[in-house]
Structures are given as C-alpha cells and as structure tokens.
Amino acid sequence: MAYCVNCGVELEKSLKQCPLCGVEAINPREPYDALAPRPYSAHIDSLQRRAGRRLVGWIVTVLMILGGVICVMANLVYNETLTWSIYVLASLMLVWVLIMLPLLYRLHPVVAVLLDIGAMMLFLYLFNLADTSTDWYFDLAVPMVLICGVLALIDVAAFLSPKIVGWQQYGIVLMSLGIAMMGLEALLDLFNDMEVHLGWSWFTVLPTFALGLVFFILERRRELKDAIYKRLRL
C-alpha cells in the first residue's frame, strides 16, 4: 500500500494523485493501475460539480431577482410608471435564460435552442413596447430571430448526427453563419427600402462557404487532415 509523500494519506493503486492534497502519487513498487478498483465512484465528482454549478446558479438567480425588483421600485417611485425598468427586466430575463438556466438544469440542445428563441422574441417584444416611436417587432425582429433560430437548430442537428463528424460540423456552422448574414441583410433591405439589394453580406457568404467546403474536403482526406494536425501539433 502506498502513502502520499506530502500528507501521508493512504493511496490506492487506481489513484494518480493524492485525493487530499493533490500531490502526484509515485510508487515504483506499486505503479498506477487504471483497471484497479477505485476507492470511490467517479460519479461522485460529477455530482459535486453539478451541485456546485447549481448553487452558483441559484445565488445569481436570487441576486438578479433582487436587482430587478429594486429597479422596478425605483422606477415607480421616481417616474410613477414603468419606463426604463422594462429594459432592465428584459435584459435580466434574457441573460437568465441564455446563461443561468443551463447551469441549473441539464437541457437537451434542441430544447435549449428553442428556449433561447422564445426568450429572444420576448426580449425584443418588451423593447418594442417600450419604444413607442415605431413598430418593428413583427416586420423585422421576429423574422431575424426565426432565421437565426432555424440555422442554430440545423447546427445542433449536425453536431448530434452520427453521419456528420469532425470538421464537417464546423463547416456547416460556417455556412450557416454566411446564410444568416445574407438573410439579415435581406430583411433589413425589405424593412427600409421594401426591396432586396444584397451587398455587404456577400463578403461574409463567399468566405464562409469556401472555408466550409475546405473543412468538408479535409474531413474526407484523412491523410491531409492528419498532416495538418501534426504541423499544428494538435
């Protein structure tokens, strides 16, 4: 049986380092054995990390709720109606869905994207309510969010598909980025001029599609891909 040279804790053969102080376990007479039974399940570590993330998530959630309540009360006291606090509440809601919700719960990627789409639509709707100068929600905001959301779902499907592997996945992401930029410019043209005259989006579409095709070719040419990995020392 080996012992830690730093703190004297008894070590199993399955341990590469001391579980107490983290010092590397080196014993020439009893070398590390990956197949040896472990003193505790590795599942415990994942549960502890998950519990730590959830604790941080709930603490931040409570702080965000308190911040929102304080902003609403200040807005009502000084303006007697909700004005600028709407922007704060909408922003807090969006940040919570995009960042805090994945910390609290393990969501399927498709479900996470759908929730992000809904949160973004609600966020822009609240901004449109506060902005009484013009109505741009249904003509501009909703189509933009839908285009980006559908492309994000396609990217998620590409990463989940067993037929699309390696650099092909990144190629699809690059191509979808180019399509998103072209779609956004087309929507802006329709909103402003009632006609489509694509211009700057071509500078995004052409390089992203070209680089995406290169990624597809490299994934099929395994020897070339391996050579690139060796050159980059990956």
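These entries record what I looked up in a predicted model.

**Entry 1: helix H3**

I began with helix H3, residues 109–130, and compared its length with expectation. At 1.5 Å a residue, its 22 residues should span 32 Å, and I found the end C-alpha atoms 32 Å apart, which agrees. I then listed the buried residues of H3: Val113, Ile117, Ala119, Met121, Phe123, Leu124 and Asn128. Against which helices do these buried residues pack? I noted helix H2 (85–104) and helix H4 (137–160) as their partners.

**Entry 2: the largest nonpolar core**

I next turned to the largest nonpolar core, which has 15 residues. Those with the most contacts inside this core are Ile117, Met121, Phe123, Leu124, Tyr137, Ala141 and Val145. I recorded that H2, H3 and H4 each supply at least two residues of the core. H3 gives the most, with 6 residues.

I also looked up Tyr137 by itself. Setting aside residues up to four places away in sequence, I found Tyr137 touching Met121, Leu124, Tyr125, Asn128, Val142 and Pro143. Of these, Asn128 is among the buried residues of H3.

**Entry 3: Asn75**

Asn75 lies in helix H1, residues 42–79.

I then examined the polar partners of its side chain. The Asn75 side chain makes a polar contact with the side chain of Ser85 at 2.7 Å. The side chain of Asn75 also reaches the backbone nitrogen of Trp84, at 3.5 Å. Leaving aside neighbours within four places in sequence, I listed Glu80, Thr81, Leu82, Thr83, Trp84 and Ser85 as the contacts of Asn75.

**Entry 4: two residues with positive phi**

One of the contacts of Asn75 is Glu80, which I looked up next. Glu80 is found in the loop between H1 and H2. Its phi is positive, about 60°, although Glu80 is not a glycine. With a relative accessible area of 71%, Glu80 is exposed, since exposed means over 50%.

Where is Met194 placed? I located Met194 in the loop between helix H5 (167–193) and helix H6 (202–220). Met194 is not a glycine, yet its phi is positive at about 65°.

Terms used
Residues numbered from 1 in each chain as written. Predicted model: local features only at pLDDT ≥ 70, side-chain atom pairs only at ≥ 80, totals over all residues. Heavy atoms only, no water. Helix = DSSP H or I, 4+ residues; strand = E, 2+ residues; numbered from the N terminus. Expected span 1.5 Å × (residues − 1). Buried < 20%, exposed > 50% of the residue type's maximum accessible area, 1.4 Å probe, protein only. Contact = heavy atoms within 4.5 Å. Polar contact = N/O pair within 3.5 Å; in protein donor to acceptor, adjacent residues only side chain to side chain. Core = buried A, V, L, I, M, F, W, Y, C linked by side-chain atoms within 4.5 Å.
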